[in-house]
Amino acid sequence: MHVKKIKKAAKKTLLTVVALLFAISFLLPTILTLANSFMSEAEINTNYGVIFRQYQESSGWGEDRKTDYVAETVNLKLIPDMVVFSQYSTVLLKSPEYLLKFWNSVILVVPIVIFQILIALGAAYSFTRFRGRLREMIFFLYVALMLMPFQVTLVPNYLVADWLHILDTRWSILLPGFFTPFSVYLLTKFMRRIPNSLIEAAKLDGANEWQIFTKVCIPLCKGAIASVAILVFIDYWNMVEQPIIMLSDADKHPLSVFLSKINSGEVGLAFAVATIYMVPTILIFLYGEEYLVDGISYSGGVKG
């Protein structure tokens with residue numbers, strides 16, 4: 001028995017160490033970004049300047065292209081020698097273009113999250129309550145579209161936006177985002193787990209379809225709705241390809257696009273902007289973590 005306890009404790013310790021290493025690996029880029037955002041430009045250039053100099057010197061393709069391999073040692077620092085806030089003051093006070101791009105992201109993402117969920121709830125309820133061969137075929141098409149990489153649909157979306165004369169407007173981003181099949185699929189699968197006895201009981205109490213939808217299905221799907229909202233927000237908060245293709249006016253681009261255009265002479269600003277850009281997603285995840293876990297672990301009409 002004593003040997004078994006030792007083996008069990010050793011196994012548990014080993015798994016804990018492995019999980020800790022994975023956690024550190026995942027968190028290290030975020031920690032480095034946060035720490036470097038409080039470093040001065042001189043310290044950043046001292047620690048990482050060789051990377052950006054090497055990147056600038058790399059040009060061309062094939063034999064003409066120089067290697068991207070960095071031969072010198074790079075100093076990864078988690079604690080700045082001197083904490084400075086100059087990057088944040090530049091971003092928040094001296095350069096309004098950064099905040100403009102941030103609010104561009106908010107203006108694009110928040111309506112997509114709200115209307116995509118509203119449309120998906122109606123579609124999911126229809127697929128759940130009214131079965132039939134035609135509806136199952138339509139649902140199958142939803143699944144097929146969901147499995148396609150979004151890059152495949154960019155050209156059709158561009159052509160449709162051009163036909164509707166909404167290119168170079170935010171509607172060319174918003175409309176495809178409203179009708180994304182991912183939310184419909186997830187909420188449909190969720191609603192189909194609701195016990196039919198609950199719906200029948202509501203009908204016996206005199207509830208109509210709208211009351212069943214709003215008083216029974218939506219309250220039972222709160223965890224799924226929160227999960228979808230978090231996943232959709234993170235997905236569209238990080239979008240790059242769609243704004244580049246649909247919006248030729250750079251003033252309408254979100255911050256996710258603008259981050260990639262910050263040049264090597266503004267590395268400190270890039271770290272500060274990236275930190276600010278991470279804040280909404282981190283706060284949303286921390287606030288909605290319970291709902292996200294509840295939505296993923298949901299296994300029936302009521303919690304077990």
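Met246 is found in helix α12 (residues 241-246); helices here are DSSP runs of H or I with at least four residues, numbered from the N terminus. This is a predicted model, in which local features need pLDDT of at least 70 and side-chain atom pairs count only at pLDDT 80 or more, while totals for chains, interfaces and linings use all residues. Residues are numbered from 1 along each chain as its sequence is written, and side-chain values use heavy atoms, with hydrogens and water left out.

**Around Met246**

At 3% relative accessibility, Met246 counts as buried. Buried means under 20% relative accessible area, exposed means over 50%, and partly exposed lies in between, with a 1.4 Å probe and protein chains only. Not counting residues up to four places away in sequence, Met246 touches Leu154, Asn157, Tyr158, Ala161, Leu167, Asp168, Ser172 and Ile173; contact means heavy atoms within 4.5 Å.

Phi of Asp168 is near 65 degrees, a positive value in a residue other than glycine. His165 is found in the loop between α6 (154-163) and α7 (171-178), and its phi is also positive, near 60 degrees. Asp168 is partly exposed, at 32% relative accessible area, whereas His165 is exposed, at 71%.

**The nonpolar core**

A nonpolar core is a set of buried Ala, Val, Leu, Ile, Met, Phe, Trp, Tyr and Cys residues joined through side-chain atoms within 4.5 Å. The largest one has 52 residues, and those with the most contacts inside it include Ile112 and Ile173. Helix α4 (residues 96-129) gives the largest share of this core, 13 residues. Leaving aside neighbours within four places in sequence, Ile112 is in contact with Ile173, Leu174, Gly177, Phe178, Val232 and Tyr236.

Val232 and Tyr236 are among the buried residues of α11. Helix α11 (residues 222-237) has 16 residues and reaches 22 Å from its first C-alpha to its last, close to the 22 Å expected at 1.5 Å a residue. The expected span is 1.5 Å times one less than the number of residues.

**Aromatic rings**

The structure holds 12 aromatic pairs. Rings of Phe, Tyr and Trp (its six-membered ring) pair if their centres lie within 6.5 Å; planes under 30 degrees apart count as stacked, over 60 as edge-to-face and the rest as tilted. Two of the pairs are set out below.

| Pair | Centre to centre | Angle between planes | Class |
|---|---|---|---|
| Phe38 and Phe85 | 5.5 Å | 80 degrees | edge-to-face |
| Tyr125 and Phe130 | 6.5 Å | 85 degrees | edge-to-face |

Phe38 lies in the loop between α1 (2-36) and α2 (41-57) and Phe85 in the loop between α2 and α3 (86-94), so their pair ties together parts that are 47 residues apart in sequence. Phe38 is partly exposed, with a relative accessible area of 22%, and Phe85 is exposed, at 52%. In the other pair, Tyr125 is buried, at 7%, whereas Phe130 is partly exposed, at 34%.

Ring pairs also link Phe102, Trp103, Phe233, Trp237 and Tyr277 into a cluster. Phe233 and Trp237 are among the buried residues of α11.

The charged end of Arg192 sits over the ring of Phe139, 4.9 Å from its centre. For this, NZ of Lys or CZ of Arg must be within 6 Å of the ring centre and within 35 degrees of the ring normal.

Notes:
Helix = DSSP H or I, 4+ residues; strand = E, 2+ residues; numbered from the N terminus.
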